[in-house]
Amino acid sequence: MSVVQMVKIVGLGAVALTLSVEWLDWLFCRLWPRKISRGPLKEVFFFPTEVACTERLFTPDSPFPCPCPLPHNVNTSFTRLLSHILSASSSLDLCVFAFTNLDLSRAVLALHTRGIPIRILTDMDYTLITGSQIGAIRRAGICVRCDSGAVHMHHKFAVVDSRRLITGSLNWTLTAIQSNKENILVTEEPDLVLPFITEFKRLWDVNDPARRHLPSIAEKTASLVL
C-alpha cells in the first residue's frame with residue numbers, strides 16, 4: 001500500500017469519526033435535551049409602552065373575549081411588568097413615589113383579594129395628588145405607610161416574594177407608562193435583591209406611626225416629675 005493510499009484512508013477515517021461524533025451528539029440532544037442554566041432572572045423593560053388590553057392578565061380563565069378596542073394578546077413592557085406583580089405568591093413590598101395607575105392598583109388589589117400580604121411605602125405629599133390610588137388601597141385594608149420627611153421618598157421599587165426585585169425610574173402613573181422615557185429592571189440576583197429588602201425594612205420601621213407618637217424617655221420623666 002502506497003503512502004498516498006494510506007493518507008487517504010486515514011483522512012477518510014478521521015472524517016467518518018468526526019461525523020459519527022456529531023451524529024451521536026445530535027441524537028443525544030434529541031433524546032435527552034439539556035437543561036440550559038441561565039442563572040438568576042434578569043430582564044429590562046423600556047417605556048413608553050404600546051397601549052394594549054390587559055384584561056387577560058386579570059381574568060385568564062374567562063371564556064369570554066374582551067370587547068375593548070385595544071390590541072389583545074400583545075406583550076408590552078407594561079404587560080410584562082403587570083405579570084411580574086401578579087406573580088406574587090407570598091408577599092409584595094412596594095416602595096413608590098407616585099401611584100395613580102389604575103391597572104397597577106387593580107393588580108395590587110387582586111393580590112390582596114388572594115390573601116397575599118402587602119406593604120406599601122409612599123411619599124406623603126404625593127398621596128394627595130389627583131388620581132392617587134393610595135386612598136382606595138387603604139380602604140381595601142392594605143397596610144400603607146407614608147414618608148413625611150423633609151425630603152421626598154423618591155424610590156420606585158417592589159420586592160415580590162422576598163426574591164424578585166422590580167426597580168427603575170418608572171413611577172406608577174399613566175404619564176410615566178405611556179409618555180415618559182423610563183426603564184425597569186427585574187432581577188432575582190440575590191446580591192441586588194437583598195439590599196433593597198434591607199432598605200425597605202429600614203424605611204418601613206422609620207415610618208411606623210406608632211414610633212412617631214411614642215413619647216421619649218425625657219418626656220416621660222418630665223410628666224412624672226410634674
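**The cavity and its surroundings**

Modeller: Strand β5 contributes three residues to the lining of the largest cavity, which is the largest share. The model is a predicted one. A search of the whole structure finds one cavity of 30 Å³ or more, and the space in the largest cavity amounts to about 50 Å³. Its lining consists of Leu81, Leu94, Lys156, Phe157, Ala158, Ile166, Leu170, Trp172 and Ile184. By class, eight of these residues are nonpolar, none is polar and one is charged.

Seven strands form an open sheet in the order β1-β7-β6-β5-β2-β3-β4, and their pairing is mixed. At the edges stand β1 (42-47) and β4 (143-147), each of which pairs on one side only. From one strand to the next, the twist averages 10°. Strand β5 (residues 156-160) runs antiparallel to β2 (residues 92-96), and five bridges join the two. Lys156 in β5 stands opposite Val96, and Lys156 is also one of the residues that line the cavity.

Helix α4 (residues 102-113) packs on it and touches β2 and β3 (118-123); the direction of α4 makes about 150° with that of β3. Helix α7 (residues 190-206) lies across β2, β3, β4, β5, β6 (164-168) and β7 (182-187), and runs at about 75° to β3.

Among the four aromatic pairs in the structure is that of Phe97 and Tyr126, a tilted pair with 4.1 Å from centre to centre and 40° between the planes. Because Phe97 belongs to the loop between β2 and α4, and Tyr126 to the loop between β3 and α5 (134-139), the pair ties together parts that are 29 residues apart in sequence. In the loop between β5 and β6 is Asp161, which has a positive phi of about 55° although it is not a glycine. The loop between β1 and α2 (55-58) holds Pro48, and a cis peptide bond, with omega of about 10°, joins this proline to Phe47.

The largest pocket has a volume of about 260 Å³. Its lining comprises 16 residues, and Phe78, Asn101, Asp103, Leu174 and Gln178 lie nearest its centre. Two or more lining residues come from each of α4 and α6 (174-178), with α6 giving three, the largest share. Seven of the lining residues are nonpolar, seven polar and two charged. The second largest pocket has a volume of about 180 Å³. Among the residues that line this second pocket are Cys53, Glu55, Arg56, Pro60, Phe64 and His72. The lining there divides into five nonpolar, four polar and two charged residues.

To return to the part requested: the largest cavity holds about 50 Å³ of space, and β5 supplies the largest share of its lining.

Definitions and conventions: Residues numbered from 1 in each chain as written. Predicted model: local features only at pLDDT ≥ 70, side-chain atom pairs only at ≥ 80, totals over all residues. Heavy atoms only, no water. Pairing = 2+ DSSP bridges. Helix = DSSP H or I, 4+ residues; strand = E, 2+ residues; numbered from the N terminus. Axes fitted to C-alpha atoms, helices over the stretch in contact; angles between N-to-C directions. Contact = heavy atoms within 4.5 Å. 1 Å grid on protein atoms, 1.4 Å probe; cavity = no way out; pocket = protein on both sides within 12 Å on 5 of 7 lines; lining within 4 Å. Points joined across faces, edges and corners; volume = space filled by probe spheres on them. Nonpolar A, V, L, I, M, F, W, Y, C, P; charged D, E, K, R; others polar. Phe/Tyr/Trp six-rings, centres within 6.5 Å; stacked < 30°, edge-to-face > 60°.
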